[in-house]
Amino acid sequence: MAKNGALNKASIAKEDEFYTKMSDIEKELKHYKGHFRDKVVFCNCDDPETSNFWKYFELNFEFLGLKKLIATHYEDSKPSYKLELVRDENGDCRIDNQDIVKTPLVQNGDFRSPECIEIMDSADIIVTNPPFSLFREYIALLLEYQKSFLVIGSQNNVTYREIFPLLKDNKLWLGYHSGDMEFVVPDYYKPRATRYREENGIKYRSMGNICWFTNLDIEKRHENLILYKAYSGSEYYEYINYNGINVNKVAEIPCDYNGVMGVPITFMDKYNPEQFEIMGIDGGDMGVSYGVGAELSKEECSELFNEHKGFRRGKLCYRNEAGELQMCYRRILIRRREQSHGN
Ligand SMILES: C[S@@+](CC[C@H](N)C(=O)[O-])C[C@H]1O[C@@H](n2cnc3c(N)ncnc32)[C@H](O)[C@@H]1O
């Protein structure tokens, strides 16, 4: 938790100070027990004095069978420090406070600093809630160094041009819990009309679109999404600018449709790469690059735009029964792996 004034101002502007509650860490981490045995865990956006990530791994060090735990504290513009808990560092056959070592850093604990990158490179698994405003950069660095990770982000990150291709290519995926999450925020954060509360002098803000991103293999990723609806041409609209059908709810993905389906981005929470293949996403240039509206001429695009001001090349749309042009919410394009012989 950064304490100096300059950082506070920067953080207010970027609103990066959202501290993860122990209950949310426990709820997610309980699914990953086997992953941590004999591993070095690095929490690289965590003030070990206050971070519940540090606390969680410290308390569960023995239970998880960790080899080492490291956390680095970020300061705006002054040298910081790292804290390490090393398996029986002092050789007394116990794991306790005596095994914790505090070492000053030369740099400020920025996860991008050479010093922190070196620590990251020496670690096996990176676990934290990184600054929301630096999410793209953060993930890019983890992948560049081929690290295993489990980190918190926003579901909106799924649609980012830097992140979506990684999900599509199965370089990362969503963890167990998606949706609402409440965070502790610093005292200087302003109260909000909604998704805000105060209790015992502590301020909390919640968001409805939080999820975990990981590249650790988890059981959930191999579980099939159970589907009950059969395809019927009268129930699903065909897009006019892409060869595929529109599906408004993940639960309504037809179990027997072999073509491409546009589904809400919350699908990512249910994605099993053995069941479905991700073909692309709609929206903007990215949509066009995956073929949405790619075959429309300039004239056709301007006609559609005149008809509906929300029309954009790359954005999925269809005509309803009345022949009216309808724009879709953001859609991920998927296709069943195992073809059904029903249609
Ligand atoms: C979303 S908060 C989460 C804090 C903590 N990981 C937790 O879950 O409670 C992100 C933290 O990253 C810190 N931070 C901001 N920029 C950073 C950077 N470049 N390198 C490392 N940490 C940074 C912020 O000060 C903030 O405390």
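Trainee: Why is Gln 146 called exposed?

Mentor: The model is predicted, so local features need pLDDT of at least 70, side-chain atom pairs count only at pLDDT 80 or more, and totals for chains, interfaces and linings use all residues. Residues are numbered from 1 along each chain as its sequence is written, and side-chain values use heavy atoms, with hydrogens and water left out. A residue is exposed over 50% relative accessible area, buried under 20% and partly exposed in between, with a 1.4 Å probe and protein chains only. Gln 146 has 72% relative accessibility, and therefore counts as exposed.

Trainee: What makes the phi of Gln 146 worth noting?

Mentor: Most residues other than glycine have a negative phi. Gln 146 is not a glycine, yet its phi is positive, about 50 degrees. Gln 146 lies in the loop between H6 and S7. Asp 38 also has a positive phi, near 65 degrees; Asp 38 lies in the loop between helix H2 (22–29) and strand S2 (40–43). Helices (H or I, at least four residues) and strands (E, at least two) are DSSP runs, numbered from the N terminus.

Trainee: Which residues of helix H6 are buried, and how do you know that they are on the same side of H6?

Mentor: In H6 (residues 135–144), the buried residues are Phe 135, Tyr 138, Ile 139, Leu 141 and Leu 142. They cover an arc of only 160 degrees around the axis, and therefore lie on the same side of H6. The arc is that of the directions from the helix axis to the C-beta atoms. An α-helix has 3.6 residues a turn, so residues three or four places apart point the same way.

Trainee: Which side chains have an N or O atom 2.5 Å or 2.8 Å from an atom of the ligand?

Mentor: The side chain of Glu 17 has an N or O atom 2.5 Å from a ligand oxygen, and the side chain of Asp 46 has one 2.8 Å from a ligand nitrogen.

Conventions: A polar contact is a pair of N or O atoms within 3.5 Å; within protein, one must be able to donate a hydrogen and the other to accept it, and residues adjacent in sequence count only if both atoms are side-chain atoms.
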